[in-house]
Amino acid sequence: MATNTAQEFDSVIAICKSLFLKKTKDYGTAWRILRSSSITDQIFIKAQRIRTLEEKKVSKVGEDISSEYIGIINYCVIGMLQLELKSDDPYEMEVDQVEALFDEKVNLTKELMMAKNHDYGEAWRDMRTSSLTDLILMKILRVKQIEDNFGKTLASEGIDANYQDMLNYAVFALIKLKLK
């Protein structure tokens, strides 16, 4: 089966971006108030809910796993933006500016994904979706530790690289869920 990961990535991101921009129009950039630790906790909540739904196979709230992965992707973008934006930057940003920043972060993350896919031979295609969820949870725990260490690492990637990995794992999960 021939695959076009770049195209599949773009299709998933288009759905995430559309929702992100609609919410920006509805709520503005209220997410600017969030600290990195709060963003990490939001991603954790979504990933933990996915894991619970994977194990229990029943949702009492009605939202499905896909919507939680979309939330992870969008919170990862928010996390990357917050790492770059300064506390004295304006909290309210124009939708066009937010869209440009969203695209910038996603494009950098896509480049990373394509490089890793080349080196790993798209191994994610043979993984279970539940493993992708677990990898996201592991990355969250790593980010929490880095945050608790005030951003300092001795031999590890920084928070931004972990956000990029989580975003890519969530995209892979959505691609796999769509292909079923």
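# Pockets and salt bridges in a predicted model

In this predicted model, helix α3 gives the most to the lining of the largest pocket, contributing seven residues.

Trainee: How many residues line the largest pocket, and which lie closest to its centre?
Mentor: The space in the largest pocket comes to about 420 Å³. The elements that give two or more residues to its lining are α1 and α3, the latter spanning residues 65–84. The lining is made up of 18 residues, and those closest to the centre are K23, Y27, N74, Y75 and I78.

Trainee: Which elements give two or more residues to the lining of the second largest pocket?
Mentor: The second largest pocket has a volume of about 300 Å³. Its lining holds 13 residues, and K116, Y120, W124, Y169 and F172 are the ones nearest its centre. The elements that supply two or more residues to this lining are α4 and α6.

Trainee: What is the make-up of the second largest pocket's lining in nonpolar, polar and charged residues?
Mentor: Among the residues nearest the centre of this pocket are K116 and W124. Lys counts as charged and Trp as nonpolar. Over the lining of the second largest pocket, the residues divide into eight nonpolar, two polar and three charged.

Trainee: How many residues apart in sequence are the parts that D10 and K110 tie together?
Mentor: D10 and K110 form a salt bridge in which the closest N and O atoms are 2.8 Å apart. D10 belongs to helix α1 (residues 5–27) and K110 to helix α4 (residues 95–120), so the pair ties together parts whose separation in sequence is 100 residues.

Trainee: What separates E55 and R51 along helix α2?
Mentor: The side chains of E55 and R51 meet in a salt bridge, at 3.4 Å from N to O. E55 counts as exposed at 57% relative accessibility, while R51 is partly exposed at 32%. Because the two residues are four apart in helix α2, what separates them is about one helical turn.

Trainee: Which residues are linked with K139 in a network of salt bridges?
Mentor: K139 forms a salt bridge with E157, the closest N and O atoms being 3.7 Å apart. This pair links distant parts of the chain, 18 residues apart, with K139 in helix α5 (residues 129–148) and E157 in the loop between α5 and α6. K139 is buried at a relative accessible area of 5%, whereas E157 counts as partly exposed at 38%. The residues joined with K139 in the network are K116, E157 and D165.

Trainee: Which residues does T40 touch, leaving out those up to four places away in sequence?
Mentor: T40 lies in helix α2, which covers residues 36–56. With a relative accessible area of 1%, T40 is buried. Beyond its neighbours up to four places away in sequence, T40 touches I140, V143, K144, E147 and Y163.

Definitions and conventions
Residues are numbered from 1 along each chain as its sequence is written. This is a predicted model: local features need pLDDT of at least 70, side-chain atom pairs count only at pLDDT 80 or more; totals for chains, interfaces and linings use all residues. Side-chain values use heavy atoms; hydrogens and water are left out. Buried means under 20% relative accessible area, exposed over 50%, partly exposed in between (1.4 Å probe, protein chains only). Contact means heavy atoms within 4.5 Å. A salt bridge is a side-chain nitrogen of Lys or Arg within 4 Å of a carboxyl oxygen of Asp or Glu. On a 1 Å grid over the protein atoms alone, a cavity is a set of points where a 1.4 Å probe fits but cannot get out, and a pocket is an open set with protein on both sides within 12 Å along at least five of seven lines; lining residues have an atom within 4 Å of a point. Grid points are joined across faces, edges and corners, and a volume is the space filled by probe spheres set on the points.
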